[in-house]
Amino acid sequence: MPLIERKSQLATLSSALGQAKAGRPTLAVVRGPVACGRTALLRTFLDNLAEPTVVLRANARTAERGVALGVLGQLLHTTALAPDRRDALLADLAGSAGPAVDPAVELRIAGAVLDLAADTPVLIVIDDANHTDAASLRYLLHLSRRLVGARVLIVLGESGQPWPAIAADYTTFTRQLNCHVVHVGPLSEAGVAELTPAAASWFAATGGNPLLVNALASTAPTDDNRTALRAAMTELLHTCDEDVKAVAHAVAVLGKESTVPRLADVLGLHQSEVDTQVRALTAAGLLVREQFREPALRDATLADVPDPTASRLHEAAARRLHADGTAPEVIGEHLFAASRPEGRLANTAPWMIQVLEAAAEQAWLAGDRSTAVTMLELAHAWCAEPAGKAALLAALTGAAWLQSPAMAGRHLPALRDAALTDQLPVMFRSTLVSQLLWHGRQDDAVELINHWEREPGEDGDDQAARLVRLKVSATHPPLLARLAPGGPPAPAVSVGAVPVDTRLQAATVLSAVLARGASPATVTQAEQVLQRVRLREHEPSALESALDALLALLYGERLDLAEPACDRLLAEPDERVAPTWRAQLLSVRAELSLRRGALKQAAEQARAAFDLLPAAGWGTAVGFPMSTLIIANTRMGRHEEAAAALRTRVPDALMRSRYGLHYLHARGIHQLATDQVFAALADFMSCGELMRSWGVDLPTLVPWRASAASAWLRLGNGDAARKLVSEQLARHGGDRGRALGIVLRQLAAVSEPPQRVSILTEAMEILDAAGDRYELAATLADLGKAQQVLGAFSRARMAARRAWHAALDCDAIPLSNTVRPALAGEDVDDADLTGVAALSEAERRVAALAAQGYTNREISSKLFITISTVEQHLTRSYRKLGVRQRTELPASLYAEVV
């Protein structure tokens, strides 16, 4: 690379050489910070010598400060002297390497230099001269006094302040001769501009340091500049004095917290010593306000610190920053770095545990869960107090579980042991039981619950015990029979008596819905929970409560409330919702989509849940998203994908949990669709037997009777089907939700033809209101067949067209194919259908009300949708019907729909 902004410095050296040639011994001192081109300037000066000149060169090194007469020996080891005389002088030096100057040797050296200068100018060049060994410096000091009238130029390259041991002699030496001082510093921005159009960015990254600038100039345009800067900084550090390098290391370790007082404390040096080196690094363009100007420079410097030194510096930094009251997350990073690679410090203190806990909390709030887990792991490893260690392990397990349940599972045995010895705080009991059940460790969960209920109560014990039992009853109800009798009663569900603990309220509501179905009170409390949940608090309990409340609304058939709440939670930024929780929310959203008949969306959401959390990490909960995936794929005709899901290994404990009910029912649905009717019936009946024995025989949980009735009908046993349908109808009471619409379709199948149309019409109205497009399509298909039997051919074809369109609308290809024969002769393969049959259910509802004269605002209020949605449905309806305004809507639209 060419020398830039160095013309005046070269001119000064040339002038000094001219004075020396005139018989005036001269000294030139070239001063410059590290890696700023001092050595390159000297090399260029020597390369450009125009006249014969004897050059005696030496390079002082920090590591050779203790080698007596090392620099002087380098100067005399030159071919300019006759070999005999050179060898004699070197022998003299070898014999006089003591602290004092040998006058006889000094005279012989001076004579040799003066003899050389008599014929040709002599140039003595010592780079890094401030590191010259003391003995050589004393001889050079005496030599300089004998150069009167000699044609000698001495050039000293200085890399910093003189070594303290020789400071006085060095200062005396530089004052002996006519002296020129040449300053070599970083390039200006204008100087950098001579190399690149990107002068501003290069100057900002390098401070004009020539070594760093040249590194960027040597980098291909497509390369990463940070890599070049790191490599150049590593090279630069290897040329630094050890004391400068030590300060650079400390600056890198302290990072943004670097100040001269802190650096001095961390290094155990006086502030004046540190300040000198900081000034040198700043002058070199590397630091700005006691910190590295570019992250890549800091990264390279950190990588240069040996492990033992790094550990010591980080520990010292942590102690100093703690004394200064610095943020715990900053101190925590230093404590973690200080523990590498052994994993702990020689001397830990209680405040370190507290800092690590606080750092973990801050990392969690910032969404950096990996760091939170790391901080808790370190705190747990360092904590010696049993109760504190157990609490830290519980917090660590909870944080790790949200990242990866499988990773957290390895801590469960130790947590179980801590709980059995009463070292685990009450607040962690419910979470531990949930995690044990998730991993199928049911025996451990039962043992712990019975242990806790046998022990004397403490503050919060009753509430914790109720929460634990509620969790068990909602997810693993058969375990209730194994718990000791006389446990705490579950709180009654009452709007006027809301439990203070949101988790307890949500768990109470879910258990109540599973046991007795939804009621206005349970719906209200579920809404209250979802309204109170604030994910910005980053509390795992908030998400746990939200999930229970969503499931209560799902099983309570309040999809209209569950969907927006679930979407709101899923819309939160990733840092607020950990992968495990997001996967569970997606599994609920997938089931909501399935119950709406949005089969493709349900399958995609279930797959997204498994993308976040692989099947092996779901534990017993795998049955929930897996069942959605199986049913959605089955109804779309993707039987191989459904079969592949069924081949996934599931835990044995799955069938002893609520999730197993979903799984059994889904497997039966797939088997029924693939003509494995007996196997399907066996799964449906097993599902029913479990639900009855567990006390959760709720059609909105799993409509096993309707599914089993369908299987019996396929086998030709109408009586068995009729019995199951009657049983399920008896359990509905006044509820007219989706589950009633499903079973009414089966009731129609076991009824006489004249009754079928009215029953199916009622089912259609219920399913239309519930918004289940798949079940509505299936009901319409049955309605068309029933009307065909009664000879109402026009109505039968109309119902078939609507069934076909609805089936295609929810991607239910097998169902649409069953309807296709009833539409023989119609152009139903045309995607651009016209007429009312082309409208979706939502479009038909809006258009029907518009045809009756309702305004957009009235339709919005009546259907609980936004005015914008009304406008969109109408626009699409106009296009499909070939009209331009609502007054042109066919008057028969409303009558045809209902």
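Which residues does Trp618 touch, not counting residues up to four places away in sequence? In this predicted model, Trp618 touches Trp438, Ala583, Gln584, Ser587, Ala609, Phe610, Leu613 and Pro625, where contact means heavy atoms within 4.5 Å. Residues are numbered from 1 along each chain as its sequence is written, and side-chain values rest on heavy atoms, with hydrogens and water left out. Local features need a pLDDT of at least 70 and side-chain atom pairs count only at pLDDT 80 or more, whereas totals for chains, interfaces and linings use all residues.

Trp618 is also one of the residues with the most contacts inside the largest nonpolar core, together with Leu335, Leu550, Tyr555 and Leu701. A core of this kind is a set of buried Ala, Val, Leu, Ile, Met, Phe, Trp, Tyr and Cys residues joined through side-chain atoms within 4.5 Å, and buried means under 20% relative accessible area, calculated with a 1.4 Å probe on protein chains only. This core has 215 residues, and its largest share, eleven residues, comes from helix 28 (residues 540-555). Another core, of 40 residues, lies apart from it and includes Leu72, Ile126, Leu137 and Tyr170.

An open sheet of five strands shows the order 2-3-4-1-5 with parallel pairing; helices (H or I, at least four residues) and strands (E, at least two) are DSSP runs numbered from the N terminus, and two strands pair if DSSP finds at least two bridges between them. The edge positions are held by strand 2 (54-59) and strand 5 (178-183), each of which pairs on one side only. Strand 1 (residues 26-31) and strand 4 (residues 152-158) pair in the parallel sense over six bridges, and Val29 has Leu156 in strand 4 as its bridge partner. Helix 5 (residues 103-119) packs on the sheet and touches strand 2, strand 3 (122-127) and strand 4, its direction making about 125° with that of strand 3; axes are lines fitted to C-alpha atoms, for helices over the stretch in contact, and angles run from 0 to 180 degrees between N-to-C directions.

A search of the whole structure finds zero disulfides, a disulfide being a pair of cysteine sulfur atoms within 2.5 Å. Cys240 is buried, with a relative accessible area of 8%, and its sulfur is 10 Å from the closest cysteine sulfur, in Cys36, which is too far for a bond.

The chain averages a pLDDT of 89, and 93% of the residues score at least 70, pLDDT being the predictor's confidence in each residue, from 0 to 100. Over residues 827-834 the pLDDT is below 50, although this stretch has twelve contacts in the model beyond near neighbours in sequence. Where pLDDT is low, predicted coordinates should not be read in detail.

Methods. Buried < 20%, exposed > 50% of the residue type's maximum accessible area, 1.4 Å probe, protein only.
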